[in-house]
Each structure stands twice: as structure tokens, then as C-alpha cells.
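These are my notebook entries on how the parts of one model pack against each other.

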Amino acid sequence: MALKDYSDLNEYQLDALKEIGNIGSGNAATALSDMMERSVSINVPIIKVLDYETVVKNLGGPETLLVGILLSLRGDVQGMMMFLLNKEFAHNVLNALLGTDFCEMSNLDDMSQSAMLEVGNIMAASYVNAIASLTDLKIDISVPNMCFDMAGAIMSVPAIYYANISDKIILIEDEFGHMNRDMSSHILLIPEVESLQKIMESLGLGS
Amino acid sequence: MSNTIVVGISDLKIAQKGDILVTYALGSCVGICLYDPVSKIAGLSHIMLPTISDFSNSNMVREKFADTAIEILVQKMQSAGAMKARMRAKIAGGAQMFSNVSNLSLACIGERNVTAVKQELLRLRIPIVAEDTGKNYGRTVSFNSDEGIMNVKSVNKGDWAF
């Protein structure tokens with residue numbers, strides 16, 4: 001049976017996605033940890049099929065300030081990948097990379113901005129490479145884009161993008177942070193329904 | 001005491017007797033505030049997409065689209081006692097959150113939303129008296145039914161009253 005909606009996924013398929021999230025985010029966290037030369041911890045991923053308002057609520061409410069880094073996925077798997085970092089964690093990352101002590105998130109200089117984007121780029125590439133080798137699918141990532149704004153406004157971007165498929169979005173969500181503290185940064189992988197089908201088929205879970 | 005009524009995404013609500021309508025964190029979505037100054041009835045709609053005609057699935061939520069939601073809001077306000085001829089509109093939102101998303105269906109969605117809202121208001125013959133749209137940041141909009149004032153709050157760029 002072909003998948004038509006995210007809620008069609010069965011238990012085994014959800015488990016497979018969880019494993020994909022696990023491997024992908026493990027790689028992304030290792031990449032981040034290498035860049036920062038600090039340890040980065042990561043929680044077991046959560047797979048959720050949620051409506052937009054619940055997602056935003058889980059992120060701390062619509063007006064929570066976050067750094068959002070967005071990349072689109074192309075090739076065999078289409079969709080989006082989004083990194084949401086809270087202010088403190090983004091600050092720590094920049095601090096570790098550039099050695100600068102102070103940065104105002106709303107007004108980042110060019111250097112800090114490109115450092116932040118590069119973090120998104122490397123983490124996404126590590127994540128996606130892990131999935132690609134696991135599934136034998138070809139996945140390309142776009143140039144990253146970032147903003148620092150309210151969670152609700154950031155999440156409206158995937159919500160609008162997926163509005164033609166469903167009122168709900170599937171999230172493969174991983175929380176990560178520094179040494180078990182401020183674990184409120186997230187990696188979201190949001191695949192399209194057709195791509196989910198492809199992933200499942202490549203793993204032998206197509207039906 | 002005035003109450004605050006929260007309007008979610010793809011949702012619309014009306015308020016009167018000094019109550020305040022609020023919708024949080026508009027990104028590319030557009031908030032449409034309608035007001036009848038005589039009956040002091042206010043309405044707020046939070047739309048996500050320009051037109052329902054892009055979608056084949058007919059049981060889509062009509063409150064989600066510029067070209068279907070505003071009419072529903074007008075009807076709701078009318079049945080509460082507002083007059084369409086007296087209505088004035090204030091709109092906010094329609095930002096482009098990420099500067100160069102290289103995906104066609106997402107490109108300029110904020111701008112397309114704003115255009116669709118303006119077209120629909122023109123069709124309904126409701127004049128737009130204030131507007132804070134476009135640019136690249138999120139906005140929280142509140143609208144009071146006492147005076148029909150729209151407050152726009154942003155993270156980095158300050159707050160305004162319209």
C-alpha cells in the first residue's frame with residue numbers, strides 16, 4: 001500500500017524512521033562536536049506526526065526566540081531539514097568557533113552569520129550522508145538559510161510548504177545540547193510523503 | 001476587563017465590547033483585521049495560503065486561504081451586527097522568513113499572500129487603511145475592538161500601532 005498521508009505509517013515504519021533519525025543526528029552531533037571541540041549530547045529521537053500548533057507549543061510557544069537554519073533536500077528524498085537552536089546554544093557554538101565572546105543574535109556580523117550557516121551545512125551533510133548510505137538513495141542538500149525570530153514564524157515555513165499534503169507534519173526530531181545542559185535545540189527532518197515511501201521501499205518496508 | 005481572544009493559524013475570530021484579538025508569530029502568513037467603528041465589532045483572520053483553487057482536495061479548511069477566509073469573517077461579523085459598508089481593514093504579515101529559499105512553491109509565498117488578501121478585500125469593497133507587510137521578520141498582531149487599533153510586535157525591529 002502506498003503511503004498517502006503521514007498517519008498511514010505503521011509501527012515498523014515509524015521504528016525505521018526513528019533509527020534513521022538516530023543515525024543521522026548522531027553523525028550531525030559528532031560533526032558539531034568536532035567543530036566546537038566540545039562534547040555535544042543528543043537524546044533518543046522522537047518521531048511525531050503533529051499539527052503545526054502542537055509543534056510550536058513543544059518548541060516553547062509561538063513567541064520563543066530561536067535561530068532557525070533551513071535547508072531543502074532534493075534528489076531521491078525531497079523535503080526539508082531544519083535546525084532550531086536556542087539563543088544560548090547558538091551563542092556557545094559561535095563562541096567555540098570564533099572565540100568571540102559577545103554576539104547579538106538579531107544583528108550578527110557577516111563572519112558570525114557565515115559561521116552559523118556553515119554549522120548548519122556541515123551538520124545537515126553529515127545527517128543526510130548517513131541516511132543516504134543506509135538507504136542507498138541519492139540526497140542533495142541546498143545552500144542553508146538562517147533567521148533569528150519567533151518559533152511560530154519560523155515553523156510557518158514548513159507548515160505552508162506541507163499545507164497541500166496535510167494539516168499535520170511529520171517530524172523526526174532530535175534534541176541536542178551541550179553536556180546535557182540546555183537540551184532545547186532541535187534537528188527536524190521533514191520528508192515529503194512520496195520520499196517516505198521511497199525510504200521505506202529501500203529498507204524493505206514498502207508494504 | 002477586556003478579554004484576550006487568541007486566533008490560531010488558519011483560524012478566524014470576532015470580538016466586541018473592548019475584547020482584544022491576538023494572533024502570534026505571523027511569518028509568511030497574513031493577519032487581516034476588520035473593524036466596524038459604529039458597532040465596534042472587530043474580526044481577525046490568520047491565513048496561510050493565497051487561494052483554495054490551487055488545491056484539488058475540496059474538504060480543505062476554508063479559513064486557511066485568503067480567497068475564502070475573509071468572506072467567512074465578514075459574514076460572521078455581519079451576523080453579530082456589523083455592517084459591511086462600514087468595515088475597514090488593517091493587514092500585517094506576509095514576510096519572507098528565509099531570504100533565498102530556492103524552492104519555487106515556497107518562493108515569495110508571503111508576497112503572494114499579501115497580493116491575494118488585497119485582491120479579496122478589493123472584491124469585497126473593504127478599504128485597507130493600514131498595512132505592515134513584507135520584509136523578513138515575524139510579527140505578533142493584536143487588535144482591539146474598542147478603537148480598532150492594530151498593534152504589531154516584532155522581535156528585532158520594534159513595536160508599532162496602526
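Entry 1. I looked up how H1(A) and H3(A) lie, and they are oblique to each other, because angles under 35 degrees count as roughly parallel, over 145 as roughly antiparallel, 65 to 115 as roughly perpendicular and the rest as oblique. The axes of helix H1 (residues 11-36) and helix H3 (residues 87-98) of chain A cross at roughly 50° and come within 8 Å. I note that axes are lines fitted to C-alpha atoms, for helices over the stretch in contact, with angles from 0 to 180 degrees between N-to-C directions. Helices (H or I, at least four residues) and strands (E, at least two) are DSSP runs, numbered from the N terminus.

The model is predicted: local features need pLDDT of at least 70 and side-chain atom pairs pLDDT 80 or more, while totals for chains, interfaces and linings use all residues. Residues are numbered from 1 along each chain, chains are lettered from A, and side-chain values use heavy atoms, without hydrogens and water.

Entry 2. I listed the contact (heavy atoms within 4.5 Å) of this pair: Leu32(A), Met35(A) and Met36(A) of H1(A) meet Phe89(A), Asn92(A), Val93(A), Ala96(A) and Leu97(A) of H3(A). Seven of these residues are nonpolar, one is polar and none is charged. Ala, Val, Leu, Ile, Met, Phe, Trp, Tyr, Cys and Pro count as nonpolar, Asp, Glu, Lys and Arg as charged, and the others, Gly among them, as polar.

Entry 3. I then turned to H3(A) and helix H4 (residues 110-135) of chain A, whose axes are 10 Å apart at an angle of about 105°. H3(A) is therefore roughly perpendicular to H4(A). Among the residues in this contact are Val93(A) and Leu97(A) of H3(A), and Met111(A) and Val119(A) of H4(A).

Entry 4. At the interface of the two chains, I found 30 residues from chain A and 33 residues from chain B in contact. The chains bury about 2,400 Å² between them, 66% of it on carbon and sulfur atoms; buried area is the accessible area (1.4 Å probe) lost on being put together, summed over both parts.

Entry 5. Which side chains meet in a salt bridge? They are those of Lys153(B) and Glu63(A), at 3.4 Å, N to O. A salt bridge is a side-chain nitrogen of Lys or Arg within 4 Å of a carboxyl oxygen of Asp or Glu.

Technical notes: Buried area = accessible area lost by both parts, 1.4 Å probe.
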